[in-house]
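Please study the sequence and the structure before reading the solutions.

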Amino acid sequence: MGVFPWTFDEEDLAQASPNCRDWGEAWVLIRESGETIDLVGFTELACGTDAAISKAACWLALHRDQDFFRLKQGVIQARPASEIRSRRAERRMQIKAERQSKRWIQVLKTRQPVVFHTLDPLHQSWIQSMQELVGEGNEGAKLDAQLLQSLQTVRVDANARDLRHLLIQLGQWDEHQPASMTGTHWSNGFSETLLLDARQLVDNSEGMLPGDEHRHDLTAQACVTIDDAETSDIDDAIALERRQDGSERLWIHIADPGRLIPEGSPLDLEARRRGSSLYLSRGNLPMFPLELSTGPFSLRTGRRNAAWSTWVDLDQHGDIGDFGILRSWVTPRYRLTYEDADELIDFAPPEEAYLSDLHQLLERRRRWRTDQGALQMDLPEGRIRCRDGELSVQVTEPGASRTMVAEAMILAGAVAARFGSTHNLALPYRSQLPADLPSANELKQLPDGAVRFAAIKRCLSRGLMGTQPSPHFSLGLSAYAQATSPIRRYGDLVVQRQIAAVINAETPLGEESMQELIDSFDSAVREGLTISREDQRHWQQVWFEHHQSHQWPVDFLRWLRPQDRLGLVRLDDLAMDVAAECPAGSVPGDGLVLKVDQVDSQCDQLRLLALAR
């Protein structure tokens, strides 16, 4: 094997290589001649010599990714200027893309919060596409191929759960926001146009509007509102009228948002799209802008308020003897909390005895419904709340005043349904199919309270909504229509409008139109329920994260999936029913001890274990 008569290293080659000016001059000469040239001629032209080291340096330079010349089968040709510009632009794009890729991979590897607007537009779009996938929970959604490759590089699976976790780490997802809320009407709040409309309605609310002249003046009536202390949108009030013949007439006053919100107006359509107010652990999102729902819509204490008023005469058994529905002006005398009202009911001071009398009247109605088959399953109900970053458990106790107000609202719904049935009126009626409940003997074998109620609830079917009145099994009513929360439920506003059409001798919506309307807002209501349940599930996970070392006594209620040993247990400390892995052979009423086995709120994971005591 022969030996080359020369040797040189990288430094020698670098010194012998043509510089940028030499390279450019050679390109001009060859390009102007329009001819090709061999390596020797090119070396002489570019370096002024045909020395072996110069030829080697030129040969290496020509084989690198350079823009000026083509080298093919030993022949060198100058590239056109347009091709050089195109190659340079392509190279710049490639370098930019490589830098972008490195920055993106670094972002993914560090898993630290980033400022969205400082990211490259490409990476902003990737963040948004991941947010959309997480928000929609669409595992089949397609992500950009480059994004998928980068995720694989840092070992992140492209599923909704892992991407949500990644977005939280990058500061691009509120870890406490329900994924199902993304892309809904709840995620963006009210537009500036709608808020401006709301402010204008507030300004115009004090004056007389068409129809106000026909309202009945009930401002002298001693009605009261009863709500939670933090409730700011007051949509109902109750009163007791003692008549000259010694009988008692019950009054239920309901807010009248339809006075200010015309059907088909932008605010009305937005409320329809929302379907109802949304109740989340960190606060409530109203169906109408707060300026309205807590302002002229609310039945504010000491002020004249527009209302829909229902009066009811109950017979000695608690059935509806007579009733009426009218538009009115009312002025609530007091705003009571449930705790305040409980005290007034319990102690019945002579100057405030009417509240105790109201309670007795509505207890008569409650007993009547029970005789008709209504199910009374009153238990404390707990919800996890987060206010100003502080977690707490809010337990709602079924006290006397809550029971009284709930019964009054059910009564108003029964009256609205009876009005609709009498006038052959299409309404969003609520109903429930009859259930085949456990026998009385079977129920007696179970402990009273949560265990017995669980056996009953598992037999109940989901509530239905339709345009014709139908029986509601668990309420013990032949017909029912929710009508007492028009500030918070769009369907209740629809009921008011249909009744108004009859009272005003106008044409109400027919069955077909009503069904279309029901379909439009009922889907929004179900969407809101999904968001609310997801929100509460998440905050339960957060709560259990904060209490991982605790253990709680629980009662076994029933099996959910016995093959997986998954059962439902009652956690009295939180007033909640939760799913947990339970000992095989557990029977309703067994006392167990609950502990946290695994929890990760960011990954939507919670596994609870219930062990024998």
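**Exercises with solutions**

Arg155 is placed in the loop between helix H7 (145-153) and helix H8 (160-169); helices (H or I, at least four residues) and strands (E, at least two) are DSSP runs, numbered from the N terminus. The model is predicted: local features need pLDDT of at least 70, side-chain atom pairs count only at pLDDT 80 or more, and totals for chains, interfaces and linings use all residues. Residues are numbered from 1 along each chain as its sequence is written, and side-chain values use heavy atoms, leaving out hydrogens and water.

**Exercise 1.** Determine whether Arg155 is buried or exposed.

*Solution.* Step 1: buried means under 20% relative accessible area, exposed over 50%, and partly exposed in between (1.4 Å probe, protein chains only). Step 2: Arg155 has 78% relative accessibility, so Arg155 counts as exposed. Step 3: although Arg155 is not a glycine, its phi is positive, about 60°.

**Exercise 2.** Describe the loop position of Asp604.

*Solution.* Step 1: Asp604 is found in the loop between strand E20 (591-600) and strand E21 (605-612). Step 2: Asp604, not a glycine, has a positive phi of about 55°. Step 3: at 41% relative accessibility, Asp604 is partly exposed.

**Exercise 3.** In which sense do strands E13 and E14 pair?

*Solution.* Step 1: two strands pair if DSSP finds at least two bridges between them. Step 2: E13 (residues 381-387) and E14 (residues 390-396) pair in the antiparallel sense over 7 bridges. Step 3: Ser392 in E14 is the bridge partner of Arg385. Step 4: the two strands form a hairpin with 2 residues between them, and Asp388 in the turn has a positive phi of about 55°.
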